[in-house]
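Trainee: Could we go through this one together, slowly? I would like to learn how to read it.
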Amino acid sequence: MNEAIVVQNADNNNIQTGGFTRGHNVIAVASGKGGVGKTWFSISLAHALSKQGKKVLLFDGDLGLANVDVQLGLMPKRDLNDVIRGRLSLDKVVQRYDEGGFDIVAGRSGQASLSALPTQRLLMLRDQLMDLSHEYDSVVIDLGAGVDRTVRMMAASATRTMLVATDEPTSLTDAYAFIKLGSAAGMSRNISIVVNQAQNVIEGEKTYKTLLKACENFLRLSPPMAGMVRHDPKVKDCIRNQTPLLIRSPNCEAASDIEKIARYVDETLKKAAAA
Ligand SMILES: Nc1ncnc2c1ncn2[C@@H]1O[C@H](COP(=O)(O)OP(=O)(O)OP(=O)(O)O)[C@@H](O)[C@H]1O
Ligand SMILES: [Mg+2]
């Protein structure tokens, strides 16, 4: 990857997110490029954390293109649209996902009012989510692809952002762009990299190192690696069957990778709480 401009001050905390406090237990899942596995990863991470004894909330933050409910085969009776329209407060749209042992706030797909929320509404939603986060050990936010205003705002409130990338050059370039653009939202130092769909451990390390080198050379940042998830046909199989991987194929490679990353996340949140 080439980068002509070296960013001198990569972490400008003066951001357009309004006065906010970073959540103490909030994990945002982002990517530059779409379709790299964020939603599947978010669900599986929430599930793994819950299996490790944590009280977890999974928030579908892909406003307007929500699909946590689709991947899990749920038909939510209440969702974020009710919150945005002022019909219900955020805590009232939380639903229990018994099979996974965690709670979910579902979004709604194809709702223009959600994808183009005015900033003020977005800030209110984020503040409500931060309030709700106190009732949980961890909150996982599945974000939309890209680095738009909604993504930046949500990621900036997270304790840590898991940036999902694959070895595809476009995914790597977009992940790099996310880190670069994210620096203006004060979140660069809170990003960890997740390499998804790695062919094997060596290839996964290589993918991470490629991204790391670009960040070090041009942004003077060294985002740590949260872990990697190997490419595993069981992932597609579980999505097709609308069943979480950790239920359908709990012993497959991707499942053990996710459980390892959940332990990293737990450690990271503990360190952040102690800091
Ligand atoms: N570790 C993996 N092994 C094999 N296939 C995977 C893996 N992770 C993701 N996939 C495949 O990638 C597809 C896209 O996953 P997902 O919908 O979670 O991506 P996304 O990043 O949320 O997409 P979008 O940007 O559209 O929201 C899945 O349908 C699945 O087939
Ligand atoms: Mg998604």
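Mentor: Let us begin with a definition: a residue counts as near a molecule or strand if its C-beta atom, placed from the backbone, lies within 6 Å of it. Please keep in mind that this is a predicted model, in which local features need pLDDT of at least 70 and side-chain atom pairs count only at pLDDT 80 or more, while totals for chains, interfaces and linings use all residues. Residues are numbered from 1 along each chain as its sequence is written, and chains are lettered from A and ligands numbered from 1 in the order in which they are written.

Trainee: OK, so how many residues surround ligand 1, and which are the closest?
Mentor: Ligand 1 is surrounded by 19 residues, and the closest are Gly34, Gly37, Lys38, Thr39 and Trp40. Two or more residues of that shell come from each of α1 (38-51), β7 (191-198) and α9 (233-240), where helices (H or I, at least four residues) and strands (E, at least two) are DSSP runs numbered from the N terminus.

Trainee: And what classes are in the shell?
Mentor: The shell around ligand 1 has seven nonpolar, eight polar and four charged residues. Here Ala, Val, Leu, Ile, Met, Phe, Trp, Tyr, Cys and Pro count as nonpolar, Asp, Glu, Lys and Arg as charged, and the others, Gly among them, as polar.

Trainee: Switching to the sheet, in what order do the strands come?
Mentor: Eight strands form an open sheet with mixed pairing, in the order β3-β4-β2-β5-β1-β6-β7-β8, and two strands pair if DSSP finds at least two bridges between them. Because β3 (94-97) and β8 (225-230) stand at the edges with a single partner strand each, one side of each is left without a neighbour in the sheet.

Trainee: How is β1 joined to β6?
Mentor: Strand β1 (residues 26-30) and strand β6 (residues 160-165) run parallel and are joined by four bridges; Val29 stands opposite Met162 in β6, and Ile27 has Arg160 as its bridge partner there. Strand β6 also pairs with β7 in the parallel sense, over five bridges, with Thr161 opposite Ile191 in β7.

Trainee: Is β6 buried or exposed?
Mentor: Six of the six residues of β6 are buried, and a residue is called buried if 20 or more other C-beta atoms lie within 10 Å of its own, exposed if 12 or fewer, and partly exposed in between, with C-beta atoms placed from the backbone. Arg160, Met162 and Val164 point one way from β6, whereas Thr161, Leu163 and Ala165 point the other way.

Trainee: What about β5, which way do its residues point?
Mentor: Ser138, Val140 and Asp142 point one way from β5, and Val139, Ile141 and Leu143 point the other way, all of them buried. Strand β5 is joined to β1 by four bridges, and these two run parallel.

Trainee: Which residues touch the most others in the largest nonpolar core?
Mentor: Those are Leu163 and Val194, in a core of 80 residues, a nonpolar core being a set of buried Ala, Val, Leu, Ile, Met, Phe, Trp, Tyr and Cys residues joined through C-beta atoms within 7 Å. If we leave aside neighbours within four places in sequence, the contacts of Val194 include Phe41, Met162, Leu163 and Ile261, two residues being in contact if their C-beta atoms, placed from the backbone, lie within 7 Å.

Trainee: Last one: why is Asp237 called partly exposed?
Mentor: Asp237, which has its place in helix α9, is partly exposed because 14 other C-beta atoms lie within 10 Å.
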